[in-house]
Amino acid sequence: MRLFPRLLLNHLVVVTVTASMLLIVAELSAQPFIQHHVAQMMELIGTQGNHMRSDLTNGMRLTLTRALLAALPLALLVAVLTAWVAARRVTASVRHLQAGSRAIASGQYDRRLPEDGEDELTELARSFNTMAGALARVEQTRAELIGNVAHELRTPVAAVRGYAEAAQDGILPADKALAAIAREVAGMERLTHDLSLVSRVEGGRVELHLRSVPLGDLLRQAQDRFHLAFEDRGVTLEVERPAADVVVWVDAQRAQQVLANLLSNALKHTPAGGTVRVWAGVHGAEVTVAVADTGSGIAPEHLDRVFERFYRVDAARTPGEGSGVGLTIARGLARAMQGDLTATSVPGQGSTFRWTVPLSPAAA
Ligand code: ADP
């Protein structure tokens, strides 16, 4: 049976049972009162009125029953109307919900339900709207992601094709073309690797091997890895080692990945003669590792967005440059290790990225 008739029927059953109970209880409970009043009357009238006793009792009972029976149809009518309105209201909300769910299922993520009222049905509509909003965002992200991946792949694929054609036409020697193709393919490999890491980081599916690691060791390894690249570019790398007892609770390999991303970005955006400084400060149960450069800086409107997937401040995407997922991965890894990654910057003067890391439980 459909919801509306079912609700109406339920209400009607309740109304009928209540009305019947009212009649029965009224009839039963009225009996002693009637007898009491008749007895009082008999006292007033005296013994000559004894023959009227049963007539009076029956008369009063009949009047009561008639009054109840006369009021009953009106009460039933009002009850039925109220039940009808209540059932309509519930059914209308459920219908809206049903239509909304169908719309969402067919891809209309902008569909919303009316939220007027304060009852549970309105709360349900509100939850539905929140869910629809979340789905719309997921859909937008999905569409953007496909667009971005296609965009990122278009350039290297076009380059590979260009080199291959150039080699076929004899414009470029085969060995040079092959070397260039290998470079482009390596770039695509990096991109697919980064993409799969982004999806794992964002889905909370990155496997971590957390253990106690002296922060000084992590910073020294990062410095060893990068000092040649910094020298080549004429940028000074200053690393202030923390005390030996500053031990953090991280996955060493993932932590290196975060540091490598921050250092390579700092190097990329700092001109020759500039400085990149790395230092650490302990606050309570965590350590903040700061990587500060004297580079181009990031304008305030871009600052928060640099952590978004594929976001690059310079929209003109230079082939061979990063794909804009480095900071997304770094922040995702930092958060997966119960820390965070934030940035501050003064455009034209430099940027500072702060990575917070929990201290090792033994050391904290
Ligand atoms: P990319 O692969 O482009 O380096 P990232 O996610 O690492 O991607 O960085 C996103 C954007 O943030 C970069 O394109 C760059 O514009 C900006 N950015 C990151 N680090 C710095 C920095 N130290 N100084 C200035 N801009 C930076």
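Author: Two strands pair if DSSP finds at least two bridges between them. Helices (H or I, at least four residues) and strands (E, at least two) are DSSP runs, numbered from the N terminus. This model is predicted, so local features need pLDDT of at least 70 and side-chain atom pairs need 80 or more, while totals for chains, interfaces and linings use all residues. Residues are numbered from 1 along each chain as its sequence is written, and side-chain values use heavy atoms, without hydrogens or water.

Reader: What makes β4 and β5 a pair?

Author: Eight bridges join β4 (residues 275–283) to β5 (residues 286–293). The definition asks for at least two, so they pair. The two strands run antiparallel. Glycine 281 stands opposite threonine 288 in β5. Histidine 283 faces glutamate 286 in β5.

Reader: Which residue takes a positive phi in the hairpin of β4 and β5?

Author: Glycine 284, with phi near 60 degrees. The hairpin has two residues between its strands.

Reader: How do you know that β2 and β4 pair, and which way do they run?

Author: DSSP finds four bridges between them, and the strands run parallel. Leucine 237 is opposite valine 276 in β4. In general, strands of a sheet pair through backbone hydrogen bonds, either parallel or antiparallel.

Reader: Why are α3 and α4 called roughly antiparallel?

Author: Helix α3 (residues 120–168) and helix α4 (residues 174–202) pack at about 165 degrees, their axes 9 Å apart. Angles under 35 degrees count as roughly parallel, over 145 as roughly antiparallel, 65 to 115 as roughly perpendicular and the rest as oblique. α3 and α4 are therefore roughly antiparallel. Their contact (heavy atoms within 4.5 Å) includes Leu153 and Tyr163 of α3, and Ile181 and Met188 of α4. Its residues divide into 16 nonpolar, no polar and three charged. Here Ala, Val, Leu, Ile, Met, Phe, Trp, Tyr, Cys and Pro count as nonpolar, Asp, Glu, Lys and Arg as charged, and the others, Gly among them, as polar.

Reader: How do you know that α2 and α3 run another way, and what is their angle?

Author: Helix α2 (residues 53–105) and α3 pack at about 5 degrees, with axes 11 Å apart. They are therefore roughly parallel. Among the contact residues are Leu97 and Ile104 of α2, and Phe128 and Leu135 of α3. The contact has eight nonpolar, four polar and one charged residue.

Reader: What is the hand of the crossing of α6 and α8?

Author: Left-handed. That word applies if the near helix is turned anticlockwise from the far one by less than a right angle; clockwise is right-handed. α6 (residues 252–268) and α8 (residues 326–336) pack at about 145 degrees, with axes 9 Å apart.

Reader: Where does UniProt place the "transmembrane region"?

Author: The unreviewed entry gives residues 67–87. UniProt positions follow the numbering used here, feature names are shortened, and annotations may be inferred rather than shown by experiment. In the model this stretch is 100% helix and 0% strand, with end C-alpha atoms 30 Å apart. The record also lists "domain: HAMP" at residues 88–140. That stretch is 74% helix and 0% strand, its end C-alpha atoms 36 Å apart.

Terms used. Axes are lines fitted to C-alpha atoms, for helices over the stretch in contact, and angles run from 0 to 180 degrees between N-to-C directions.
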